[in-house]
Amino acid sequence: MINVRHLSFVTLLATLLPSLLLAHAHAAEGANEHIVSRIEALNGGFPVEVLGSPLMASKALPAFYASNGYRLAWESMEYRQQLAGAIGRASDDGLLPGDYHADLLASLASAPIADISPARRADIDLLFSDAFLVFGSHLLEGKVNPQTIHAEWTANRRQRKMESVLTDALDSGDIGETLDALRPAHPAYRQLMEVRRSLASEAGAPWQPLADKPTLRPGEQDPRLPEIRHRLAALGDLEPSGNEDHATQLYNAPLETAIKAFQARHGLEADGVIGRDTFKALNLTPAARIRQLDATLERWRWLPESLGETYVLVNIAGFELTMVDRGSEVLRKRVIVGKPFRQTPVFSDQIEYLVFNPTWTVPRTIMLQDQLPQILKDPDYLARLNISVYRGWGADRVRIDPAMIDWSALGKNNFPYQLVQEPGPQNALGQVKFMLPNQYDVYLHDTPGRGLFAKSERTFSSGCIRVEQPFDLAERLLAGSPNWSRARIDGIVDGHAPQTVLLPRPVPVHLQYWTAWVDGEGRIQYRNDIYERDARLLKELKGSMEG
């Protein structure tokens, strides 16, 4: 039996539907016109605000709407909710949700838009598109232009047409997944995000500074120990519950184990003694640690999309080199980096060849600032270090007897000589150097001063990177070359004659500056900001785009 009431409703709907669709089409057409006018203003170089918030994607936004015929793109409430949710979690990446209209998006994500004016519909659409494009580009390439922080940066930054990314996201309906795919794919980035989330719950807790005197040793009692236990538990070095009495003022064995783990994660001597440096690390608040994580997350976004199947990574602030082969760490060595006034630069390049038993042509700056004062003070200095003196360059250079030179008459504007240290155990480059031709003349090399590797902070070089046990690295790099073995390497070194060896394939090398990172065992590591680079980066990173 036909329901007459139902039939009447269907008839009425059929009668009204064309009018409703026509009204919707007219509203959408009106919204399109408003989009066109806003985009024309952006193309003209004018600042454009919608709903009180500035549009920032001045290039990608016009490109996107031109490609879709200036039509509305965010009619779907589900899509708007996905984007608002993703941007609400932008702090997990160390970014500011407010840079991407977060509050406005949250208020508009679930609001009905069918009955609002065409102008407001256009503004809402532009706002969501702008948020996606800017947030996506920051996940892909970083918020801060690295040239403003490290003028020496030369890595190939990841690039993609963001207007095409947005089109694909809307076509697929996976707004959140599309944004997630823009993040660095390396597991270390995701691990840093997890650490940041866990620390965020502690960020508002009051951590009053602990007095750094007197020093505490196992077996002693002190009223600071309960708070030390609380901090170690919050940071994951001490179990937060169990049989351990966290209120005790006794420095017992479980606490000693936790302190040693904490010291190791902060680049300190893991001796269990709570002295000045350990107290300094214990007084580093969760908020300060989060700032270190945020700086590292941003630097990760500056890296190439692929680090390479096999690559070498040097963390300058961590004084450490790692070599990774097909996702597995195969080598880890301590390194010595540049002094604070001769900083090691940050860049990515490729190791192309090795030189065994190298000579060292002293850079002009070092000749003038370091070597000339030594020569004036010690007449035997050059002979003792096996340094030859040449006039001229290349094939035309002539070897000069140092005794025939009036060294006191030389200076910045009068130094027509080269100083070249011959191969040997005293050579400043040691017995092997790893060449990655670059504009800074920075490379990795051996060193005769191996005792310096025992220091916790190793800023002793003039910018190049000295590698502990460098022949282990040489052996790894030459592993794909036929007829190369450790025995052959040792034989060449023992012969003292310079020999250049090309790698079968250049190996990418990334010189980074991370004061916080997750190591190969999944532990979060923190180090001092030896070059004071984090503060400047964070100032740029945390500066709101709307401020």
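Modeller: Let us begin with a term: a contact means that heavy atoms lie within 4.5 Å. Please keep in mind that the model is predicted.

Colleague: Among contacts between residues at least 6 apart in sequence, what percentage join residues at least 24 apart?

Modeller: The count takes in contacts in the chain between residues at least 6 apart in sequence. Of these, the share that joins residues at least 24 apart is 70%.

Colleague: How many helices and how many strands does the chain have, and what is its radius of gyration?

Modeller: The secondary structure comes to 17 helices and 17 strands. For 547 residues the globule rule gives 24 Å, and the chain is well over that value, so it is more spread out than a compact globule. Its C-alpha atoms fill a box of roughly 115 × 70 × 50 Å along the principal axes. The radius of gyration is 31 Å.

Colleague: What percentage of the residues count as buried?

Modeller: A residue is buried if its relative accessible area is under 20%. The chain exposes about 26200 Å², of which carbon and sulfur atoms supply 52%. Of the 547 residues, the share that counts as buried is 48%.

Colleague: How far apart are the mean positions of the positive and negative charges?

Modeller: The chain has 58 positive and 67 negative charges. The distance between their mean positions is 4 Å.

Colleague: Which residue in S4 stands opposite Val312?

Modeller: Strand S3 covers residues 310-315 and strand S4 covers residues 320-325. They pair in the antiparallel sense over six bridges, and they form a hairpin with four residues between them. The turn of this hairpin holds Phe319, with a positive phi of about 55°. The residue in S4 that stands opposite Val312 is Met323.

Colleague: Is Arg326 buried or exposed?

Modeller: Arg326 is found in the loop between S4 and S5. Its phi is near 50°, a positive value in a residue other than glycine. The cut-off for an exposed residue is over 50% relative accessible area. Because the relative accessible area of Arg326 is 61%, this residue is exposed.

Colleague: What is the relative accessible area of Glu532?

Modeller: Glu532 lies in the loop between strand S17 (524-526) and helix H17 (534-542). Here, too, phi is positive in a residue other than glycine, with a value near 55°. Glu532 is exposed, and its relative accessible area is 65%.

Colleague: Which strands are at the edges of the open sheet of four strands?

Modeller: The order of this sheet is S7-S10-S8-S9, and the pairing is antiparallel. An edge strand here pairs on one side only. The edge strands are S7 (360-361) and S9 (398-400).

Colleague: Which residue in S9 is the bridge partner of Arg391?

Modeller: Strand S8, residues 387-391, runs antiparallel to S9, and three bridges join them. The bridge partner of Arg391 in S9 is Val398.

Colleague: What is the omega of the peptide bond from Lys213 to Pro214?

Modeller: Pro214 has its place in the loop between helix H8 (187-200) and helix H9 (225-234). The bond from Lys213 to Pro214 is cis, with omega near -5°.

How values were computed: Residues are numbered from 1 along each chain as its sequence is written. This is a predicted model: local features need pLDDT of at least 70, side-chain atom pairs count only at pLDDT 80 or more; totals for chains, interfaces and linings use all residues. Side-chain values use heavy atoms; hydrogens and water are left out. Two strands pair if DSSP finds at least two bridges between them. Helices (H or I, at least four residues) and strands (E, at least two) are DSSP runs, numbered from the N terminus. The radius of gyration is taken over C-alpha atoms; the globule rule is 2.2 Å times the number of residues to the power 0.38. Buried means under 20% relative accessible area, exposed over 50%, partly exposed in between (1.4 Å probe, protein chains only). Accessible areas come from the Shrake-Rupley method with a 1.4 Å probe; for residues, only the protein chains shown count as cover. Lys and Arg count as positive and Asp and Glu as negative; His and the chain ends are not counted. The place of a charge is taken as NZ of Lys, CZ of Arg, CG of Asp or CD of Glu.
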